[in-house]
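Open the model in your viewer and keep the sequence panel beside it.

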Amino acid sequence: MLCAYFHNSDRKFMNQSSSSNVHDLTLNDKRIILVGTAHISQASVEEVRAVIEQERPDAVCVELCASRLESMRNPDAWKKMDIFQVIKEGKTFLLLANLLMSSFQKRIGQQLGVQPGAEMMEGVRQAEALGATLVLADRDVRTTLQRTWRSLTFWTRIKLLGQLLGSLFSTEEISKEEIEAMKQGDALAEAMDSMARQSPQVKQVIIDERDQYLSEKIRTAPGNTVVAVVGAGHVAGILQELEREHDLQELNAIPHSSNWIARTLGWGIPLLIIGLIGYGFFSSGEEVSLEMMQQWFLINGSLSALGVLLAFGHPVTVLTAFVAAPFTSLNPMVAAGWVAGLVEAFLHKPQVRDFENLNEDILEVRGFWRNKITRILLVVMLANVGSSIGTLLGGFAVASLL
């Protein structure tokens with residue numbers, strides 16, 4: 001049974017001197033102190049330190065996974081990255097999305113003079129100093145991104161990519177007061193509702209599933225007293241999920257593909273295009289069939305090449321995208337962006353300084369185009385977007401000639 005004591009008007013909080021961001025719970029004789037934080041807030045860092053020093057828990061749970069903790073402890077880990085392997089394994093979007101989100105947080109952190117995730121690292125340091133068990137309670141960020149991407153429709157993916165790229169051009173400054181206001185439950189609930197309306201699939205994977213994952217790791221943490229440090233946006237969900245058991249293996253599983261509609265379209269559209277061209281040959285003659293193929297190659301290739309141009313790719317990469325896209329669009333197993341990205345990586349192979357400057361380059365828009373690593377990622381992404389749009393427009397053009 002879960003007993004919760006909150007610092008508000010209608011429930012008595014166990015420690016009247018504590019912040020309203022701290023929730024003191026009892027679950028089956030285990031005491032859980034849930035600390036809701038803003039990921040970029042000096043006040044949150046100090047609050048985490050004070051709570052752990054005061055409670056001296058048996059275990060400290062933090063909203064980090066092993067890979068995120070490693071990247072925070074070892075910011076030079078980028079130097080070990082094999083960009084060719086990233087492209088071949090189809091993980092370009094995962095890496096680019098991670099960099100874009102990291103860029104947004106770091107830029108806000110610079111405004112406030114606080115490193116992103118500093119309150120989580122404070123929890124890690126305090127646990128190690130105290131000798132408490134450290135529990136990395138969050139799901140691996142790569143798993144979350146993969147599950148998110150696989151759950152989205154084509155147009156939702158385009159919209160999400162646009163929002164991520166749009167964050168690069170955001171110049172709005174956020175004050176400390178606004179950051180602290182984000183920790184209030186009502187404001188966060190409103191933000192979650194807004195996210196659900198815009199993209200329920202994204203909220204399901206990034207918020208709801210991680211609430212379940214975090215609550216299970218916190219619920220099963222060893223010891224009689226547990227301090228859990230989580231983003232304030234997860235507090236309400238964790239409070240609802242703590243009494244329930246959750247299958248972590250299921251939450252960690254990566255779907256083989258998105259929904260059946262996407263799989264059908266993946267093979268259906270290429271077969272339809274080929275069928276239309278074949279039908280045009282037998283029903284309208286060789287001339288119409290050739291014009292269909294010409295329209296298909298010109299539209300698909302041009303839009304994919306335009307994507308590479310927008311990423312400032314090498315001229316040879318632009319030509320590669322133009323030639324490859326009409327063929328790769330007819331084969332769901334290969335993407336034009338992968339071919340273009342591999343060519344760009346060969347022609348403009350990242351150097352040591354690109355890895356060394358990556359953390360700084362992602363802090364500004366120009367840096368994404370200046371750094372060879374992120375430019376390659378942009379080539380892959382924009383070539384694929386161009387080819388996808390070209391597939392739809394080219395398909396309509398082919399059909400209109402019948």
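The crossing of α14 and α15 is right-handed, the near helix being turned clockwise from the far one by less than a right angle. This is a predicted model, in which local features need pLDDT of at least 70, side-chain atom pairs count only at pLDDT 80 or more, and totals for chains, interfaces and linings use all residues. Residues are numbered from 1 along each chain as its sequence is written, and side-chain values use heavy atoms, without hydrogens and water.

Select residues 286-310 for α14 and 315-328 for α15; their axes come within 7 Å and cross at roughly 140 degrees. The pair is therefore oblique, the class left for angles that are not under 35 degrees (roughly parallel), over 145 (roughly antiparallel) or 65 to 115 (roughly perpendicular). Axes are lines fitted to C-alpha atoms over the stretch in contact, with angles from 0 to 180 degrees between N-to-C directions. Helices are DSSP runs of H or I with at least four residues, strands runs of E with at least two, numbered from the N terminus.

Next, select residues 225-231, strand β6. Seven of its seven residues are buried, so β6 is largely enclosed by the rest of the structure; buried means under 20% relative accessible area with a 1.4 Å probe, protein chains only.

Glycine 36 has valine 230 of β6 as its bridge partner.

Terms used:
Buried < 20%, exposed > 50% of the residue type's maximum accessible area, 1.4 Å probe, protein only. Pairing = 2+ DSSP bridges.
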